Amino acid sequence: MKKLLLTLSCAVFNLTAYSAVPLTPEQQLGEALFKDKNLSFNHNQSCETCHSLSPIPSLKGVQGIVPGFVDPSNVKGISPISVGSIPRTTGTLNAPSIAYASYSPEFGWDEDEQIYVGGQFWNGRATNLIEQAKKPFLNPIEMAMLDELDVVNRIKSNPKYIKDFQKIYQLTISDTSSNKAIQDTYTALAKAISAFEQSGTFNKFNSKFDYYLAGTTQLSTTEKKGLDLFQGKAGCSGCHKMDVTVDSNGNNIPPLFTYFGYDNIGLPRNMAIPGNPVADVGLGGQEGIPQTEIGKHKVKSLRNIDLTPPYGHNGIFKTLDDMVHFYNTRDVLKKVKDNNSPEFAKTAWAAPEIASNMNTTQIGNLGLSVIEEKAIVAFLKTLTDDYPLWGNNPAAVSIKDGRVPENSPPPIISTKNMPALKIPVRIK
Ligand code: HEC
Ligand code: HEC
């Protein structure tokens, strides 16, 4: 697997892991487009609506301090899915965090491992970030624009964009006389957004865990126990990989907690999704992808996971405690009809929404105690970025306090000169 990851990451773009590095002009254009509500049918929705760049000040704790790049209404528990530009249109899937999404390699079949990897979306249907960014504008349950020309017309109504597209891409976007001209502008739009998604804004690598790896802070006893379980008895790192990989510039990439593969963990149907949609078949549902992939969804990065409830492609779990309890006892507890049962997530689960290809070898009966489940959750909470901001003892400045000084730079700036990381050895 290590070899696979090393090759894959060479396909990754040029990334900047330091959020204080100023955005390039292309990334600045991408940011403006990412935030522009004018690019949706009712002028009321942007990418940011569902992938917020801000913390949620009304929430207590870390979600009030650090942005999670998800839909705030999902985090607040109002709904597991998002509302589109047109009132009462809703999606069927949980909007994931897009932090670290730029590290996903291009979608493809890995000959060595004999698996599908990479791509964007829960089912990998967009090859890369550029292809992904073209979709939400035209999705009728998202930004709901008619076609590419419709979007380009909105872009060219802004004189600043006319100047920026000219300067950065040498494109005259006011020219919509040919299909080629329209497509060129539309692709440049997606390119600018993907450049922004590759910036330090989304890829900070400054969680408590990163400082721990660099040896500049300590984990609490419970967090350390959780880390050991994550790599050992619970087997989480079998899929949420912790290898250090190397990018095309020879820079080390700290653990991403995924290898961007696909699996079916057997999530039950989420009855809270409006309209009770048919089950999402995941990877196997796409043209050219065999039935053997039905029910598989992308293994997500767990960076910032504490910021991004609910969990799973259908947002069925409201807390990390429920998620870990599910991995531990999915095949042990009795089954109730669905997640409306008061017993659900306590003493019972419900049948998997899609039973085919469900992973029963690595997950479902982990034999963890309640204390061990809690330790894993405590460890997951160390993966939240901006540790210098949220560390719970603002007065403390030393490693002894388990905290780093405010405004500390990320401990692992992506550079060849970085210190060797102390990746903890996997416990068998
Ligand atoms: C109405 C809410 C909504 C809007 C607006 C929206 N998204 Fe999303 N986004 C989602 C949902 C839901 C998913 C998951 C859908 C799926 O996997 O099929 C998603 C998935 C993604 C992913 C894939 C992440 C991964 O790890 O696979 C990226 C990247 C992304 N969106 C970027 C964007 C960009 C860029 C825009 C603006 C052009 C945007 N989104 C607009 C809701 C939204
Ligand atoms: C066999 C591979 C595999 C193993 C082992 C595994 N996971 Fe996952 N994990 C996945 C996949 C695949 C998803 C997405 C599933 C979906 O949404 O249908 C996921 C999703 C998650 C999510 C929700 C992510 C999100 O953005 O909503 C969390 C949290 C999580 N896993 C934590 C863990 C923990 C903790 C462990 C160990 C107890 C673990 N995983 C073990 C494959 C795995």
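How are helices H7 and H9 oriented to each other? In this predicted model, the axes of helix H7, residues 148–156, and helix H9 come within 9 Å and cross at roughly 70°, and because angles of 65 to 115 degrees count as roughly perpendicular, the two helices are roughly perpendicular to each other. From H7 the contact is made by Glu-148, Leu-149, Val-151, Val-152 and Ile-155, and from H9 by Ile-182, Gln-183, Thr-185, Tyr-186 and Leu-189. Sorted by class, this contact of H7 with H9 has 7 nonpolar, 2 polar and 1 charged residues.

Glu-148 deserves a separate look, as a residue found in helix H7. With 19 C-beta neighbours inside 10 Å, Glu-148 counts as partly exposed, because a residue is called buried at 20 or more such neighbours. Leaving aside residues up to four places away in sequence, Glu-148 touches Ile-182, Gln-183 and Tyr-186. The C-alpha atoms of Glu-148 and Leu-138 are separated by 7.6 Å, and these two residues are 10 residues apart along the chain.

H12 and helix H13, the latter covering residues 370–380, pack at an angle of about 130° with their axes 9 Å apart, which makes H12 oblique to H13. H12 passes H13 in a right-handed crossing, and the contact is made by Leu-320, Asp-321, Val-324, His-325 and Asn-328 of H12 together with Glu-373, Ile-376, Val-377 and Leu-380 of H13. By class, the contact of H12 with H13 has 5 nonpolar, 2 polar and 2 charged residues.

Helix H2, residues 25–34, is largely enclosed by the rest of the structure, because 7 of its 10 residues are buried. The buried residues of H2 are Glu-26, Gln-27, Leu-29, Gly-30, Glu-31, Leu-33 and Phe-34, and they pack against helix H3 (47–50), helix H8 (159–169) and helix H9 (179–197).

Around ligand 1 there are 25 residues, of which the closest are Cys-47, Cys-50, Phe-121, Trp-122 and Pro-136. The elements that give two or more residues to this shell are H3, helix H5 (129–133) and helix H6 (135–138). By class, the shell around ligand 1 has 15 nonpolar, 8 polar and 2 charged residues.

| Residue | Phi | Loop |
|---|---|---|
| Arg-88 | about 70° | between helix H4 (72–75) and strand S1 (108–110) |

Is each of them buried or exposed? With 7 C-beta neighbours inside 10 Å, Arg-88 counts as exposed, whereas Phe-205, with 26 C-beta neighbours inside 10 Å, counts as buried.

Another backbone feature is the cis peptide bond that joins Pro-309 and Pro-310, for which omega is about -5°. Pro-310 is found in the loop between strand S6 (297–298) and helix H12 (320–329).

Methods. Residues are numbered from 1 along each chain as its sequence is written. Chains are lettered from A and ligands numbered from 1 in the order in which they are written. This is a predicted model: local features need pLDDT of at least 70, side-chain atom pairs count only at pLDDT 80 or more; totals for chains, interfaces and linings use all residues. A residue is buried if 20 or more other C-beta atoms lie within 10 Å of its own, exposed if 12 or fewer, and partly exposed in between; C-beta atoms are placed from the backbone. Helices (H or I, at least four residues) and strands (E, at least two) are DSSP runs, numbered from the N terminus. Two residues are in contact if their C-beta atoms, placed from the backbone, lie within 7 Å. Axes are lines fitted to C-alpha atoms, for helices over the stretch in contact, and angles run from 0 to 180 degrees between N-to-C directions. Angles under 35 degrees count as roughly parallel, over 145 as roughly antiparallel, 65 to 115 as roughly perpendicular and the rest as oblique. Ala, Val, Leu, Ile, Met, Phe, Trp, Tyr, Cys and Pro count as nonpolar, Asp, Glu, Lys and Arg as charged, and the others, Gly among them, as polar. A residue is near a molecule or strand if its C-beta atom, placed from the backbone, lies within 6 Å of it. A crossing is left-handed if the near helix is turned anticlockwise from the far one by less than a right angle, and right-handed if clockwise.
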